[in-house]
Amino acid sequence: MLGLNRKDAILLLIVAVLALFAPFILNPFPVDSALAQFNAGYPDLMQRFVIFGIFAIGFNILFGLTGYLSFGHAAFLGVGSYSAVWMFKLLSMNVLPALVFSVVIAGLFALVIGYVSLRRSGIYFSILTLAFAQMSFNLAYSVLTPITNGETGLQLALTDPRILDSAQVGGSLPVTSLFGAEMRSAMTLDLAGWSFTFSVGYYLCAIIMLIAFYLSVRLFRSPFGLMLRAIKSNQQRLNYTGLESRPYTLAAFVISGMYAGLAGGLLASMDPLAGADRMQWTASGEVVLMTILGGAGTLIGPVLGAGFIKYFENIFSKINESILHQWFAFLPDGVQDFIVMILYPFIGKGWSLTLGIMFMLVVIFLPGGLVEGGQRIARLFRRTKTTDGDVVSTKTKPAE
Amino acid sequence: MTEQTCPVILAYALVLVGTGASHRMAGTMDAIILQILNGLDKGAAYALIALGLTLIFGTLGVVNFAHGALFMIGAFCAVALQALFNASTVTLDPTKLDFLGNPAKVETPYLVSWFGPEMGASIIDWSVPLAILFAFPIMVIFGFVLERGLIKHFYKRPHADQILVTFGLAIVLQEIVKYFFGANPIPTSAPDVFRGSLDFGVWLGFEANAIIYPYWRLVYFAFAALLIASVFGFLQFTTFGMVVRAGMADRETVGLLGIDIDKRFTLIFGLAAAVAGLAGVMYTPILSPNYHMGMDFLVLSFVVVVVGGMGSLPGAVLAGFLLGILQSFASMNEVKSLIPGIDQIIIYLVAIIILLSRPRGLMGRKGVMEE
Amino acid sequence: MGILEIKNVNKRFGGLQALGNVNLTVMENTVHAIIGPNGAGKSTLLNCLVGKLLPDTGTAMFDGRSVLGKKPHQINQMGISRVFQTPEIFADLSVLENVMIPCFAHRDGSFKINAMSSLMRERDMLDKAEHILEDLNMADKRDMHAGSMSRGDKRRLELAMCLVQEPRLLLLDEPTAGMARADTNNTIDLLKEIKAKRDITMVIIEHDMHVVFSLAERITVMAQGTPLVEDTPDKIKGHPKVKEAYLGEAA
């Protein structure tokens, strides 16, 4: 199907089902129940799941395949966002030109940074990309204020030209749309206590994510993907096999930069503003974490990692002290207070702490990420040495 | 030959930037001296962190992204000690009344009640320098625990894994500090004696107030110089230091000599942690410590290490000061009007140029982290 | 005219003259062995030929074109492949993938983004890769993780990777080092078979005289960075200079 082998096609199908039915899947609890706080099926959050999924899929093309660890990928995300908002300001509120523009600009940006950074490898490459990203971040805050609007962030204004759009009626800011379908418009379905929201914005993001995922599967299984994995495995042998590695790494860098730009453009399409903090190196660290947590070099890993982190970020940030007390209400007072005291630093604003600990635990105990964890569990159950799931050490069996 | 010329060229370029930019000023010399002085303390902090990074990298072969966090923890040792010193008993003073007519509450720090008002007050006043005594053992022990408990297991793992796990550690450390000390910067003051500024220019024959330099920055620079000198002295004149230097030159051979490298590695990590921590302690009066200062300094210190040359201790020190001074030149208004935004990016720009033209850095040695 | 002509090549490492005035001609479609004691400069010479090192002076022409100053991948594209002393393979990939990489490199030249074609649709390449694996008796290992194989198998895999590119010149750096006698004999038979099947020139560096005398048609003896003698195996056997070089080493 679609040029994929059976296993990949099934994987794509699973991701597609998960993405399209996310409003149901992520809202398993009735609105009034105490567990409703674990629901994640509202458009804002679901959009972030898939957008960061795209970001991580792109990052994985570089890091997972070639092993080059970039610490500056957030720069491309930021560039994508700025480009998209500029298109909204100048051209039209239609998201299509904005997305195209953000991908192109991020790609060009990645071409320049990649061309320079890829002259070094290993830790030097990491530091070079970090330096470039910090430079972009600092510039966005200072000199480039005419383009980025500095600390305030780039926003829409009523006075923007928007040459393709008809004149604005009324005094409110226009909203982003796709040929008339507004991104923020949504339909709510109430079913016996449950409430499901389907938003245009989310479905646009989900479909784009599916396309991005499909393309990355194709890329993983292509000769080009094979060359990238060869670079990670043994660059010297590749050179003695008649191939220069740099064009390949540069191509991978630009492609993953374009994915990041697309993610940035989508972020801006859902909420048309762009700030420099999207480019900070902690943001770059976050995408690294998503990829590692899910499983670098695996197909599904980055998507899982992005969803996992964004979900827990949301849930953990929402829990507060009184909720904790509610949970442990069945315990004697002293024990209850003690447990709440222990857990308190990890919730609410302490989410970053939990994130950091998770980061360390994953790197220490599960370098292959969630995918590897799943395989280990599966192997425990099966007790047989079978294939390694969707890890990239593929079996390239003929199609039939 | 080129090993020596490169720093010279850079220093020359730096002076050129300074002179070129300040040609419109009446006194060129005093502006240059002022900028160099301004760059010194920041440069000293970079140099100290970079020194530890290089030490760890050169011997243990570990890329430590948590080193900035160690600097930050040092700074918060000073904050903690200051808070400890200010711990007070509350007594009711019946002779004074507050606005409600109740006896006023008087807070008396324990130190004052134990050592008498004068002695107690001056102990509190000197809390930052005293924090050195407090922070040193803490940092060394902390370094030991980190190395034994975590870093040890990553010697054989790829650099990417080392970067990632120490990056995670840095987040954890900074979040813990944030939990206990809050997100806002905590002002920490230098002892009263060092509050003022030195009119440095008068010494050199400039007019009064031409070059003003706060005493504490001078102290910081002297402290950093002393610390750097003692690290180098330690490495140069002790048997232990000799083994460390040998290890940096050729790790495998030293391992073959039957020297118990493991214990020394632990000690080195503790030492590097202490250097970063002390740098942080003394920096508190210059920059009110906040929980993310470690990350801010880390990125720049990494750049410093790369510019200086991975694995070269003198390179780290040289590059630290060089970049600190360069940064202070770039933040002069005259330079900024010439090249807008240069102050924001100068360090990264220099790093990129150096990495591309001279991959080993200013004083890097052959064979260290090469492709 | 030889296919490989090396003239007056010199290479110094600091105070050490690694190669001193090397002149060597390898005729097309022959197996040419280079022997000599350790430190004779054999590997240095090979490294100069594949672009790993640049000699200080001299020329090296392959089929009338210079190889010096070219990058490793360019030299490979001219038709020179090399087997290393310690096998250089893609340890993280499967055996089949290991062989497919040189197939693609051979077909596509230096760089091509064929990101949207699929490995399993590349029937020609698959057939070619499977064919060479069959030739080398490795067909049953095609899905194995290359890094987990025995050293002998890794060596055979590396040979397969070189051969699948149909090189005109194959450089072998101690192809039987560390092998058991049986494996060594297998390798000798294999190389003989390859030589019989196609037009290929081989340059072999080897310590094992059994291998050298079973395969080589010409032998060059090197010592201290300079070729001493070049002749047929029969004549090399009793040559006084050769004895001197080896005995000199022993003494």
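Here are some questions and answers about this predicted model.

Me: Which helix of chain B gives the most to the side of chain B that touches chain A?
Reply: The contact takes 31 residues from chain B and 35 residues from chain A. On the chain B side, α7 (159-181), α13 (293-308) and α16 (342-357) each supply at least two residues. The one that gives the most, with 14 residues, is α7(B).

Me: By class, how many nonpolar residues does the side of chain B that touches chain A have?
Reply: Let's take the other classes to begin with: this side of chain B has three charged residues and four polar ones. The nonpolar residues number 24.

Me: Are α1(A) and α8(A) roughly parallel or roughly antiparallel to each other?
Reply: Start with the axes of α1 (residues 6-20) and α8 (residues 200-220) of chain A, which come within 10 Å and cross at roughly 165°. Angles over 145 degrees count as roughly antiparallel. So α1(A) and α8(A) are, to each other, roughly antiparallel.

Me: How many charged residues are in the contact of α1(A) with α8(A)?
Reply: From α1(A) come A:D8, A:L12, A:V15, A:A16, A:A19 and A:L20, and they meet A:A206, A:M209, A:L210, A:F213, A:Y214 and A:V217 of α8(A). Sorted by class, that contact has 11 nonpolar residues and no polar ones. The charged count is one.

Me: What are α4(A) and α5(A) to each other, oblique or roughly antiparallel?
Reply: The axes of α4 (residues 74-90) and α5 (residues 95-117) of chain A come within 8 Å, crossing at roughly 140°. Roughly antiparallel would need an angle over 145 degrees. That's why α4(A) and α5(A) are oblique.

Me: In the contact of α4(A) with α5(A), how many residues are polar?
Reply: Among the residues that α4(A) brings are A:F76, A:G80 and A:S83, while α5(A) brings residues including A:P97, A:S102 and A:F109. By class, the contact has 13 nonpolar residues and no charged ones. The polar residues number three.

Me: Which element gives the most to the side of chain C that touches chain A?
Reply: This contact takes 37 residues from chain C and 32 residues from chain A. On the chain C side, the elements that give two or more residues are α2 (72-77) and α3. With eight residues, the one that gives the most is α3(C).

Me: How many polar residues are on the side of chain C that touches chain A?
Reply: Split by class, this side of chain C has 20 nonpolar residues and seven charged ones. The polar ones come to 10.

Me: Where does C:N29 lie?
Reply: C:N29 has a positive phi of about 60° although it isn't a glycine, and most residues other than glycine have a negative phi. C:N29 is partly exposed, with 14 other C-beta atoms within 10 Å. Its place is the loop between β2 and β3 (31-35) of chain C.

Me: Which strand of chain C does C:N21 lie in?
Reply: C:N21 isn't a glycine, and its phi is a positive value near 55°. C:N21 is partly exposed, with 14 other C-beta atoms within 10 Å. The strand, residues 16-26 of chain C, is β2.

Definitions and conventions. Residues are numbered from 1 along each chain as its sequence is written. Chains are lettered from A and ligands numbered from 1 in the order in which they are written. This is a predicted model: local features need pLDDT of at least 70, side-chain atom pairs count only at pLDDT 80 or more; totals for chains, interfaces and linings use all residues. Two residues are in contact if their C-beta atoms, placed from the backbone, lie within 7 Å. Helices (H or I, at least four residues) and strands (E, at least two) are DSSP runs, numbered from the N terminus. Ala, Val, Leu, Ile, Met, Phe, Trp, Tyr, Cys and Pro count as nonpolar, Asp, Glu, Lys and Arg as charged, and the others, Gly among them, as polar. Axes are lines fitted to C-alpha atoms, for helices over the stretch in contact, and angles run from 0 to 180 degrees between N-to-C directions. Angles under 35 degrees count as roughly parallel, over 145 as roughly antiparallel, 65 to 115 as roughly perpendicular and the rest as oblique. A residue is buried if 20 or more other C-beta atoms lie within 10 Å of its own, exposed if 12 or fewer, and partly exposed in between; C-beta atoms are placed from the backbone.
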